[in-house]
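Thanks for coming, everyone. Let's take a brisk tour of one model. Please look at the screen.

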Amino acid sequence: MINPFDDTYFMKKALQEAELAYEKGEIPVGAIIVVKDRVIARTHNLTELLNDVTAHAEMQAITSAANFLGGKYLLNCTLYVTLEPCQMCAGALYWSQISKVVYGASDVQRGFNTMGTQLHPKTEVVGGVLAEEASALMKRFFIEKRNLN
Ligand SMILES: [Zn+2]
């Protein structure tokens, strides 16, 4: 039996969140947090709407999941995010002690790998899941933005 709840399955849900951000004119990044195949947080980038540079999808997902769980540590949780986390989000994920982080497209300029930020040593990291879909959405967003200006 193939487990239908694989990384691709959940990344599709994160991509749906990124689409919602796109529709709002936000840089299209979406995130969800899953515990035991159950989605406990779904968020997307809201930096424009909230006028807050910390309103990245991952930051909101961490807060939302901790509220749901009633505890600050995200043990046994997996974050799915469409873009490689930045160093701020990587730092927040470090403090959360999250079990696993799965991201889509790499961010060669601002991603935590380039910035030299590290996640928690206990955190398993998987990159490149539905990366093409995530970067296509980003490209569409920035092309559209350029054409409006
Ligand atoms: Zn970030």
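First, a term. A salt bridge here is a side-chain nitrogen of Lys or Arg within 4 Å of a carboxyl oxygen of Asp or Glu. Side chains of opposite charge can pair when their charged atoms come close.

Now the ground rules. This is a predicted model, where local features need pLDDT of at least 70, side-chain atom pairs count only at pLDDT 80 or more, and totals for chains, interfaces and linings use all residues. Residues are numbered from 1 along each chain as its sequence is written, and side-chain values use heavy atoms, with hydrogens and water left out.

How many salt bridges does the rule give? Two. Take Asp7 and Lys100. Their closest N and O atoms are 3.4 Å apart. Asp7 sits in helix 1 (residues 7–23) and Lys100 in strand 4 (residues 100–105), so this pair ties together parts 93 residues apart in sequence. Helices (H or I, at least four residues) and strands (E, at least two) are DSSP runs, numbered from the N terminus.

Are Asp7 and Lys100 buried or exposed? Both are buried. Buried means under 20% relative accessible area, exposed means over 50%, and partly exposed is in between, with a 1.4 Å probe and protein chains only.

Next, Arg140 and Glu19. Here the closest N and O atoms are 3.8 Å apart. Arg140 lies in helix 5 (residues 131–148) and Glu19 in helix 1, so the pair ties together parts 121 residues apart in sequence. Arg140 has 40% relative accessibility, so it counts as partly exposed. Glu19, at 32%, also counts as partly exposed.

On to the annotation. An unreviewed UniProt entry places a "binding site" at His56, Cys86 and Cys89. These residues spread over 34 residues of sequence, yet they cluster in space, with a largest C-alpha distance of 9.2 Å. A caution: UniProt positions use the numbering used here, feature names are shortened, and annotations may be inferred rather than shown by experiment.

Now the two cysteines. Cys86 is in the loop between strand 3 (77–83) and helix 3 (87–96). Its relative accessibility is 16%, so Cys86 counts as buried. Leaving aside neighbours within four places in sequence, Cys86 contacts His56, Glu58, Arg110 and Phe112. Contact means heavy atoms within 4.5 Å.

Where is Cys89? In helix 3. At 0% relative accessibility, Cys89 counts as buried. Not counting residues up to four places away in sequence, Cys89 touches His56, Glu58 and Met59.
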